[in-house]
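I opened the model to look up how its strands pair. My entries follow in the order in which I made them.

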Amino acid sequence: MESRKRPDPRPNDTTIIARLPRAPVVISVSIPAEMPAPVRAVAVVSAAPSALRAALPAAVMPTRATFALTFSTGQRVSVQGSGLIGRKPLAQPDEIFDELIRVADADRSVSKTHLEFGQHDGEFWVSDRVSGNGTVIRRPGETAEALEPGRRYVLPRGTRVEIADQSFSIS
């Protein structure tokens, strides 16, 4: 009796498949007659941000404004760089911040790492870190605005930032 099974068209372990021939690829790049002078490094530093500020000349480091954050808990903190605010703020392994600011919140309405802040061209910004109860900003003379997580909002001095049941003012 003859088998009705068709042969399998797929290659098996013993099938040898020859590679298709390919033409060699030639890349030609013109070399300029004069090479530019190498750039001289000012400093190479591998240290924490505070040690970095002390190690580099003032001309190399960006100027940072000082902002005072006055919390509803009575806490007052002066900041110059970047940081995190929360009940127990914790940076991710690949993040470096100048400040980690703990907010006393017995009701635990503030997330552990609730808010990120920093500076850009001397202006203060905040970004909600996907907090559980959200963040609301009240700029002077404007209506309240709920923050979209992960987006940076530039804030003028005098702004009030509400992080769940707590808040702070920027001056």
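I began with strand 5 and strand 6 (residues 123-128), which run antiparallel and are joined by 6 bridges. I note the terms here: strands (E, at least two residues) are DSSP runs, numbered from the N terminus, and two strands pair if DSSP finds at least two bridges between them. The model is predicted, so I kept to its limits: local features need pLDDT of at least 70, side-chain atom pairs count only at pLDDT 80 or more, and totals for chains, interfaces and linings use all residues. Residues are numbered from 1 along each chain as its sequence is written, and side-chain values use heavy atoms, with hydrogens and water left out.

Within this pair I found Glu-116 opposite Ser-127 of strand 6. The hairpin of strand 5 and strand 6 has 2 residues between the strands, and Asp-121 takes a positive phi near 50° there.

Next I checked strand 3 (residues 83-86), which runs antiparallel to strand 5 and is joined to it by 3 bridges. Gly-83 has Phe-117 of strand 5 as its bridge partner.

I then looked up burial (buried is under 20% relative accessible area, exposed over 50%, partly exposed in between; 1.4 Å probe, protein chains only). Strand 5 (residues 115-120) is largely enclosed by the rest of the structure, because 5 of its 6 residues are buried.

Last, I traced an open sheet of 6 strands with antiparallel pairing, in the order 2-1-11-10-7-8. Its edge strands are strand 2 (76-79) and strand 8 (145-146), each pairing on one side only. Strand 8 runs antiparallel to strand 7 (residues 135-138), with 2 bridges joining them. I found Val-136 opposite Ala-146 of strand 8.

Notes:
Helices (H or I, at least four residues) and strands (E, at least two) are DSSP runs, numbered from the N terminus.
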